Amino acid sequence: MSKHIEKLKKQLSEISEVVNSFRSEAVQVKIIDRFLDAIIESEKGEVEGTDVFSKRGRKPRSGDEDESTPSSQGRKKPGATKILNQLLATDFFNVRHSISAIADYCKEHYDSDFKTSELSGILLKLAKENKLRRERSNDNNRFEYVRA
């Protein structure tokens, strides 16, 4: 058991620089998750090293997919960036909206359940590109977004 832990520590330290080069914590977690899955599978002798990080080579864990998920039906839901750009093309941002209101709207109208943390970076980028204005609300001191 101790040998396995030491081996794992060594492997993690070898890839830590690569993993930490990604700014997104979500990406870092996915890389580590895939890495650990690959180690488990390789110890079972079921995975070859060349297919470790390809999507086709990864077996879904139990509960990862069921028949109601879009990926199992062959199509994916649009991401947060795509949906926010679609909203920019409408009159949605003619009125100020908080991040939580935007997330609720996406859930109701696009069937996409985004966390506010997923939307905040994209909204900030749109504000920096002068597509949106980012203003503090007088009511709750939180940011609201409106067309620039």
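1. Helices (H or I, at least four residues) and strands (E, at least two) are taken here as DSSP runs, numbered from the N terminus. On that basis the protein has five helices and three strands, and from the N terminus on these elements follow the order α-α-α-β-α-α-β-β.

2. The model is a predicted one, in which local features need pLDDT of at least 70 and side-chain atom pairs count only at pLDDT 80 or more, while totals for chains, interfaces and linings use all residues. Residue numbers start from 1 along each chain as its sequence is written, and side-chain values use heavy atoms, with hydrogens and water left out.

3. Of the 148 residues, 24% count as buried, where buried means under 20% relative accessible area, exposed over 50%, and partly exposed in between (1.4 Å probe, protein chains only). The protein exposes about 11200 Å², of which carbon and sulfur atoms supply 49%; accessible areas come from the Shrake-Rupley method with a 1.4 Å probe, and for residues only the protein chains shown count as cover. Taking the contacts (heavy atoms within 4.5 Å) between residues at least 6 apart in sequence, 43% join residues at least 24 apart.

4. Helix H3 (80–88) has Ala80, Ile83, Leu84, Leu87 and Leu88 as buried residues. These cover an arc of only 150 degrees around the axis, which puts them on the same side of H3; the arc is that of the directions from the helix axis to the C-beta atoms. The elements against which the buried residues of H3 pack are H4, H5, E2 and E3.

5. Ile99, Ile102, Ala103 and Cys106 are buried in H4, and, seen down the axis, the buried residues fall within an arc of 100 degrees, so they line one face of the helix. Their cover includes helix H3, strand E1 (97–98), helix H5 (116–128) and strand E3 (143–147). After H4 comes Asp111, whose phi is positive, near 55 degrees.

6. Helix H5, with 13 residues, reaches 18 Å from its first C-alpha to its last, close to the 18 Å expected at 1.5 Å a residue. Leu119, Ile122, Leu123, Leu126 and Ala127 are its buried residues, and they cover an arc of only 145 degrees around the axis, which puts them on the same side of H5. What covers them includes H3, H4, strand E2 (132–136) and E3, whereas the face turned away from the buried side carries the exposed residues Ser117, Lys125 and Lys128. Asn130, which follows H5, has a positive phi, near 60 degrees.

7. The structure holds seven salt bridges, each being a side-chain nitrogen of Lys or Arg within 4 Å of a carboxyl oxygen of Asp or Glu. One of them joins Glu129 to Lys125, with the closest N and O atoms 3.1 Å apart; Lys125 is exposed at a relative accessible area of 51%, and Glu129 is partly exposed at 35%. Glu129 also forms a salt bridge with Lys131, where the closest N and O atoms are 3.5 Å apart, and Lys131, at 40% relative accessibility, is partly exposed.

8. A further salt bridge brings together the side chains of Glu135 and Arg133 (2.8 Å, N to O), with Arg133 partly exposed at a relative accessible area of 40%. These two residues belong to a network of salt bridges that links Arg96, Arg133, Glu135 and Glu144.

9. Val18, Phe22 and Val27 make a nonpolar surface patch of about 230 Å². Patches are made of residues with over 30% relative accessible area and no salt bridge, like charges being joined within 9 Å and nonpolar side chains (Val, Leu, Ile, Met, Phe, Trp, Tyr) within 5 Å. Phe22 lies in the loop between helix H1 (2–20) and helix H2 (25–44), and its relative accessible area of 36% makes it partly exposed.

Conventions:
The expected span of a helix is 1.5 Å times one less than its number of residues.
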